[in-house]
Each structure stands twice: as structure tokens, then as C-alpha cells.
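Dear colleague,

Please find below the structure that I am handing over to you.

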Amino acid sequence: MYCLSDKQIDYILNDIRARGVEMEDLQLNLLDHVCCIIEQKLEVNGDFERFYQTTIASFYKQELWEIEEETLILLTFKNYYTMKKIMIMTGGVSAFATIMGVWFKYMHWPGASALLSLGILSGCLVFLPLMFILKAREQPGKINKFLTATGALCAMMIGLSFLFKVMHWPGVIGLIYFSTLLMALVFLPLYFYTGIRNPATRVNAISSSVLIILGYGLILLLVNTRPYIQEHAGRHANQFLQQSYEVMSWQNNAMYKDLSAKNNEPLLMLNRQCNNLCSDIEKLKVELINKTNDVALNKVDYNYLEIHSSTIRLDNFDIPTSLLFDADLSVKPALLDLRQQINSLDELARTSFKIDDFNHFFEISKDDPAQATTWEKENFYRTPLSYLLRNLTQVQLNVRYAELSCIASYRDMPLQASLN
Amino acid sequence: MIYSSELIKGTLKTIVLKLLADNKRMYGYEITQKVKEVTKDKIQITEGALYPTLHALEDEGLVTTESEFIGKRVRKYYSLSAAGKTRTKEKVSELADFMSTMKFLLDIKTKNA
């Protein structure tokens, strides 16, 4: 029977610790076990070191700490396998429902919200917490457990904030700010710091950190460029509408010439009234731009608006609204004048050109004083300057359309008379 | 013939509980040796399976422990608690029942084949 010295016992205990077994109870059990085997089986003059290494190697398949892992699993997870199963199942359901939800959303099919809610809620409230519980147990040390916890919390809140955003639920801003701050100030620095200190995880930590920052940065970029795209799409729409209006004006003028309008009083009046209305609207546009931005332009200059992009920001509507509406929401003279001119054109169209539905071009006739929404409020109240300009150009274009239908009606009158 | 670890895994708790019921108190190495001896080397309990099971039994309150110093090292003795005694009877009869069912099942299969 071999007799172990105290030094050899210390050597074995230190080796067991060095092999990653952290539970003291287990260390002592394994120590006693190895000692028993050595005492029983090693000859008195045997090679202790070699015999110990072979013996301890027979305890495990790959690493000694497997025993501790198995112990922990048995100790803490009587329901380990059920939890794992639920985690895998909800993970699958969550991924599938989210992808389907996104697809349904793109296609504008019904059920997109239900699918997205199912996917993100099951992912954030079941899958991620379970993953955290199961993963945290495998992580050695408190810092790693804390890292797993903050990582899971960040992921849960980012996921939820996306859902809240899509579903227009309140509290999005808070969720996004909190999760972003938590990730940027706590999770990432800690993850990076602990990762690069260990040579085995250094490359992984660096590449994962870069990927997280890149991924999150790209998401934020998309969120932020949306208003930019809207603003600039607005400018193109404005210019396009302006061109249509100009073409329409030119075309109407050509028709007046064809019909020798100089000799016809109703046509002359129509032409005059339409021109007056359109030039008043043009003046109103210039005035709105000048007063909103405190400049002195002579005409609407879309290039100017493009360069001074603050003027076409979508939150730029307070000053334009104050120029068109009083505090009690009643309409100021500039807009009142527009409506009066349109009404007088309507009168002219009905009496001289037998057109009854002139107003439908402006949808003014739908206005019901009892209703909260009027034509003015719909088109001009709390509307960003960029949209306001577009709506005014649209009114000009509608005037030209209405004018055209009057001219066409006049042109066809002799024909209709002869038919009758 | 040494039985596969899959077969032993499901019965290990019962084996340990039964041994403790018969031997009052035992330590880890002793348990492995006893099993080896009784089964004539047919069942060899690995350290990787035994200690997790012992810790789990302790956590469930089925066994109690006493530590004794053997020179510089500590030896942990395991013995059944009151709850452990009841549980042992249940586990043993469950396993016996299971074995007779298995026998029945395999017999039928053999006959049919």
C-alpha cells in the first residue's frame, strides 16, 4: 500500500482546482477518491506522478470540470431538460413568427401584428430569459453571469422596443434609450474588457463587439434616415407638381388662343379669375417661405429649400400655421381669400359654363360647418412647410384643371346645342 | 461484460440509495468498490456519474453527510435520511417492477421473433 505525503495531497488538490473544479465539496470528494485509488493500487515504490495522471484522466471524457458541470445541472436543474426543450421550442416559434410577421407586414396582409407580437413576445419574454438562466449557470464567475444577464436584458428590451414601435404602443422612446444606454455604457465595455483580458477569448470579444456596434449602428442609421428620405422625397414631389401646374397653365393658354377667347366675356373672366387666384397662391407660398425662415425671396426656389434643409424639416410647422390660422383656429384673411376666390370661380363655372361640380376639384363642397375638419384644416393646419407648399401647388393645379373643364365645356357648347 | 453507461444512468440513484440502506454510511470510493465487488465487475460506477448523483441526493435531502479528517484530507460519509429511507423503498420497488415489465416485454418480443 502506497503512503501519500502531505505534499502529494496538496499537489493533487491544487491540480483538481487547476482543472476547473470550483465546488469545495466536490474537490474534497475527488481528492479522497483519487487518494484511495492511489493508496490501494500504487506499489510502494511506484511512480506517483505518472499513476496520478493516468488515474485522474480516467475520471472524465474531456475535462475534469465536466463532473462539476453535471453536478450543477443535477443540483439546480431538476427541470433542466424541460427548460431546454421549451427554450428551443419558443426560439423556433419566435424566429418563425417574427419572419412571417415581417413578410406579412411587407405584403400588407392581415395578421401581421399578431404574428409579430407572438414572435417578439415569445422571443423576449420566454426564449431570452430561459437562455439566460441556462447560460448563466455555465458561466464561471460573477462577472460573466452579470454579463449574460445584462446582455439578455438588452436583447429583450431592444426586441420589445421594436415591437412597441411597430405597434405604436407608448413607451418606445424610454425603452430604446434605456436599452441603448445599458448596452453602450455597461454591457459592451464590460464584455470587451473581460473578453480581451483572456487570450482565449480576445479575438472573439473584439469581433463580437465590432459586430454588435456595426449591427446596432446600422439599425439606428435606418431609423434616422427615414425623416431625411421623407423630407427629400417631399422636395421632389413639390418640384414635380410645380412642373405639372406650369404645363397645365401653358396648355390652357393655348386653348384660349384656339377659341379666340378675346371676344368672349365669360372666357376672359374665367382666365382673369384663374390667373389671379393662381398668382395669389404663388404670393402666399413666397410669403410663407420668407416669414418662416426670415428671408426675402422673390419667388419659390426649391433649390434654396434644398440647401437650407432646416426649412423643409417635418417639424417645421409652427410658424406656417400661425401665419394661416388664429389661436382659436379660425382662418386668417389669406386663406379666407382663397376660399372666396374659389367660391366665386364656382359661381362663374355654374352660370356661364354649366359646370355644377366645380368644387369637387377642391373638396370644399364637402365641408360641413358642424364638422371639426374643414378644407383649410385638412390641408394647411399644423402642416410642415414642405407639405404646405405642395398642397398650395396642388390647389393651383386644381384651379387649372377646373379651368380646363370650363374651357372644354365652352368649346363643346355649340356642338351640344346643334345636337339638341 | 460491462453494462453501458446509458443503462446505469437511470438506475444509479436507486443503486446508491440501496447500498446506503444496507451499509449505514459509506464514502464515494467505497461505493464504487462495493458495486464492483457485488456485481463482479459487471457494473463499474464512474466518478463522473457518482459524485453528481451524491450531490443531487444530498440536495434533495435524501442523504445526510458527515466529514472526517483522514490525515490531511477530508472524507465525506453519506448515510440515508428518514426521507431517504422511504424513498429507497419506493425506488427499489419501482425498479423491480420496471425490470419485470422489461423482462415481460423482451420475452414477448423474443417469442414473436
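Predicted model: local features only at pLDDT ≥ 70, side-chain atom pairs only at ≥ 80, totals over all residues.

I begin with a pair of charged residues: A:E403 and A:R400 form a salt bridge, with their closest N and O atoms 2.9 Å apart. A salt bridge here is a side-chain nitrogen of Lys or Arg within 4 Å of a carboxyl oxygen of Asp or Glu. The two residues are separated by about one helical turn because they stand 3 residues apart in helix α15 of chain A. Helices (H or I, at least four residues) and strands (E, at least two) are DSSP runs, numbered from the N terminus. In general, an α-helix has 3.6 residues a turn, so residues three or four places apart point the same way. Both A:E403 and A:R400 are buried, where buried means under 20% relative accessible area, exposed over 50%, and partly exposed in between (1.4 Å probe, protein chains only).

Residues are numbered from 1 along each chain as its sequence is written, chains are lettered from A and ligands numbered from 1 in the order in which they are written, and side-chain values use heavy atoms, with hydrogens and water left out.

Chain A as a whole

Chain A has 15 helices and 0 strands. Of its 420 residues, 40% are buried. Contact means heavy atoms within 4.5 Å; among contacts in chain A between residues at least 6 apart in sequence, 65% join residues at least 24 apart.

A second salt bridge within this chain joins A:D318 and A:R382, whose closest N and O atoms are 3.8 Å apart. This pair links distant parts of the chain, 64 residues apart: A:D318 is in helix α12 (residues 318-324), and A:R382 is in the loop between α14 (375-380) and α15 (385-419). A:R382 counts as partly exposed, because its relative accessibility is 45%.

Helix α10

Helix α10 of chain A (residues 265-293) has 29 residues and reaches 42 Å from its first C-alpha to its last, close to the 42 Å expected at 1.5 Å a residue. The expected span is 1.5 Å times one less than the number of residues.

Leaving aside neighbours within four places in sequence, A:I281 is in contact with A:L338, A:L392, A:V395 and A:Q396.

A:T292 also lies in helix α10, and counts as buried at 10% relative accessibility. The side chain of A:T292 reaches the backbone oxygen of A:L288 at 2.5 Å. Beyond neighbours within four places in sequence, the contacts of A:T292 include A:N316 and A:L385. After the helix comes A:D294, which has a positive phi, near 55°.

Positive phi in two loops

In general, most residues other than glycine have a negative phi. A:H168 has a positive value, near 60°, and is placed in the loop between α7 (142-167) and α8 (172-197) of chain A. In chain B, the phi of B:K24 is positive too, near 65°; B:K24 lies in the loop between α2 (12-23) and β1 (25-27).

Where chains A and B meet

The contact takes 27 residues from chain A and 22 residues from chain B. About 2,200 Å² is buried between them, of which carbon and sulfur atoms give 58%. This buried area is the accessible area (1.4 Å probe) that two parts lose on being put together, summed over both. A:N29, A:D32 and A:H33 supply 27% of the area that chain A buries against chain B, more than any other three residues.

How many salt bridges does the rule find across this interface? The rule finds 5. One of them joins the side chains of B:K76 and A:D25 (2.3 Å, N to O). Helix α2 of chain A gives the most to the side of chain A that touches chain B, with 14 residues.

The side chains of B:R73 and A:D32 also meet in a salt bridge (2.9 Å, N to O). B:R73 lies in strand β3 (residues 73-80) of chain B and A:D32 in helix α2 of chain A, so the pair joins two chains. Both residues are buried. A:D32, A:E39, B:R73 and B:R75 are linked in a network of salt bridges.

Yours sincerely

Methods: Polar contact = N/O pair within 3.5 Å; in protein donor to acceptor, adjacent residues only side chain to side chain.
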